[in-house]
Amino acid sequence: MELLFNYVNQHSEEYIHRLREAVALDSVSSDPCKRSRCVDMAHYICNWIERLGGKSIIKHVGKQKFADGQVLDYPPIIFGDFCVDQQRPVVLAYCHYDVQPADIQDGWRFNPFELVEEQGKLYGRGATDDKGPLLDWLWAIEAHRQLGIPLPVNLLLCFEGMEESGSFGLDKVIEEESKGILYHVKYVCITDNYWLTEHRPCLTYGLRGIVYFQVHVRGPQMDLHSGLFGGLVHEPMNDLTHLLGTLTDNQGNILIPKVMDSVAPVTKEEESIYERILFDPEQLRKEAGQVSQLRESDKVKLLMNRWRFPSLSIHGIQGDFSGQGEKTVIPCAVTGKFSIRLVPHQQPQEIAHHVENFLKQQFAQFHSGNELQVEWRGASPWLADYHNSNFTAARLAFKKVYQVEPDLTREGGSIPITNTFQEYLGGEICLIPLGSPDDGAHSQNEKMNKLNYIEGIKVIIAYMNELAKQMS
C-alpha cells in the first residue's frame, strides 16, 4: 500500500483541481434551471469511469413535472463496474453527485461554485457533501491503475443525482438490479457522513429512523374575525396548540404511552463504547448555536440522547398568520408538524399507531366541534454488527492511515438508502465518514479539509486492501 499512498501524495494538487471542476458543475437537483448541470455532472463521472477502465452504466428513472409545468428528466443513476475477478464477492460503494442550493447572497464568503483553498480548507458547495468523498473512490481506482496494481476487490460504484431531493427512483432501481448487476454484492460502503470530532475518525454502525407527522385540525369553512366570533367557536389553532403540548414534558421527555416500550435495552458493551469515544460536550454546545446549556452535561448520556434514544421535535404550524403587523383572525384550518426519531427496535408503523391513538384520545377530551386528521410517513432505524468483516476492514484502514483506533458511533439522523440496501441486497453495510464535523454541509461556506480529502483516498485504498484480506 505504501506505493499507492506515495502516488496519492504526489498528485494531491491534481486531485484538488479535479474537485474544483466538479464543484463548478452546480448540480442542484431541486432547481429545474440546474437540471442540465446535474446531467453534466453525471457525464463528468461517467467519462472518468471509462477513462479508468471501468464500465459506466446509466439508469434513467423517469420524468419530473415542476410547479411551472416544466417536465424534465430526473438525473440518472450511475453504476461504475470495476469487477475483475468473478470468484470474489462484490463491494458496492454509494455516493451522490447532486448538491443543495447555494448563492453568494446567502452569506457565503466566496462564490459557492468556485472552489477556494484557504488555510488547508477547500470551500465550495458539494465539497464535502458529497463530491469530495465520491471523487475519492475514483482516485483510489486511478492510483491502482496508474501503478499497474489490480484492484484487490470486485468494485461497483453507485452514484445518484437526487439524494438532496428525495432520491426519487433509487429504491426501484436497487430492487430491480438486486437480481441484475447488484446480485453478487456482499459488502456495501457508504461515504456520506462525518466524523464526530475534528481530531479522530469514526465508523458509523447505527442510524435513527423517523416518523414525520402532519396533524390537521379543521373547523369553520372560512377564517373568522376574532372580535365577532372569539369565545363563540372552538378555534382550530387553540385545539392544535393544546394537542401539541401533550406530546412531551418541558424536558423533552415523550409522554405518549407505549412509544418507549420497544426501545432496545442498553448493554454493558454499548456503555463501554460510549465511554471510550473522544467527545467534548462543550463543542456540541457551540455547534448548537451557542445555546446556554444542553439537556445533559455527562458525555455518555448526551451521546445516548443523540443516537440511542428516541426524540420528539415540533417543527412548525401551517395555516397561521406569521407576517408582520397585526391580523386578528381565527384560522379555519391549521396543520401541526412534528417528528419522532426512532431507534431499534422501534418501527414506523407501530409508533405511528401509538401516536395516532394518543392524539385522538386527547382530542376527544376537548369536546371540540372541529375535525382531526393525522398523516405520517416514516423510515426505519438501522443497526449493524460492528464486529463483522466490513467494519473490521474499515477499522483497520483508518488505523493504517491515521494511526489511531476510530471511534464507533451512531448518527442521530437518517440515511434511508441504508435500509434499502439492507432490504434488497442483505450482506454487510458499513458507513465510513470522510468529512469533518465542522464542514458545514447544507450550510454557507461548506468545505472539506484538504487533509480529509486526500487522506480519504488512502482510507479507501486501505479499506479495499483490508477487505480483500477478510474475504480470503
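Me: A salt bridge is a side-chain nitrogen of Lys or Arg within 4 Å of a carboxyl oxygen of Asp or Glu. How many salt bridges are counted between domain 1 and domain 2?

Reply: This is a predicted model, where local features need pLDDT of at least 70, side-chain atom pairs count only at pLDDT 80 or more, and totals for chains, interfaces and linings use all residues. Residues are numbered from 1 along each chain as its sequence is written, and side-chain values use heavy atoms, without hydrogens and water. Between domain 1 and domain 2, the count is zero salt bridges.

Me: Which residues make up domain 2?

Reply: Domain bounds come from an automatic or database domain assignment. Domain 1 takes 1-207 + 381-471. Domain 2 takes 209-263 + 309-379.

Me: How many residues does each domain give to the contact?

Reply: The C-alpha centres of domain 1 and domain 2 lie 38 Å apart. Contact means heavy atoms within 4.5 Å. Domain 1 gives seven residues and domain 2 gives nine residues.

Me: What area do the two domains bury between them?

Reply: Interface size is often given as the accessible area lost when the parts come together. Here that area is taken with a 1.4 Å probe and summed over both parts. Carbon and sulfur atoms carry 61% of it. The total for domain 1 and domain 2 is about 570 Å².

Me: How many residue pairs are in polar contact across this interface?

Reply: A polar contact is a pair of N or O atoms within 3.5 Å. Within protein, one must be able to donate a hydrogen and the other to accept it, and residues adjacent in sequence count only if both atoms are side-chain atoms. With both residues at pLDDT 80 or more, the rule finds one residue pair.

Me: How many residues apart in sequence are the parts tied by Lys400 and Glu2?

Reply: The structure holds 24 salt bridges. In one of them, Lys400 meets Glu2 at 3.5 Å, N to O. Helices (H or I, at least four residues) and strands (E, at least two) are DSSP runs, numbered from the N terminus. Lys400 lies in helix α12 and Glu2 in helix α1, so the pair ties parts that are apart by 398 residues.

Me: Which residue is joined to Pro344 by a cis peptide bond?

Reply: Omega is about 5 degrees at this bond.

Me: In which helix does Asp130 lie?

Reply: Asp129 and Asp130 are also joined by a cis peptide bond, with omega about 15 degrees. Asp130 belongs to residues 127-146, helix α4.
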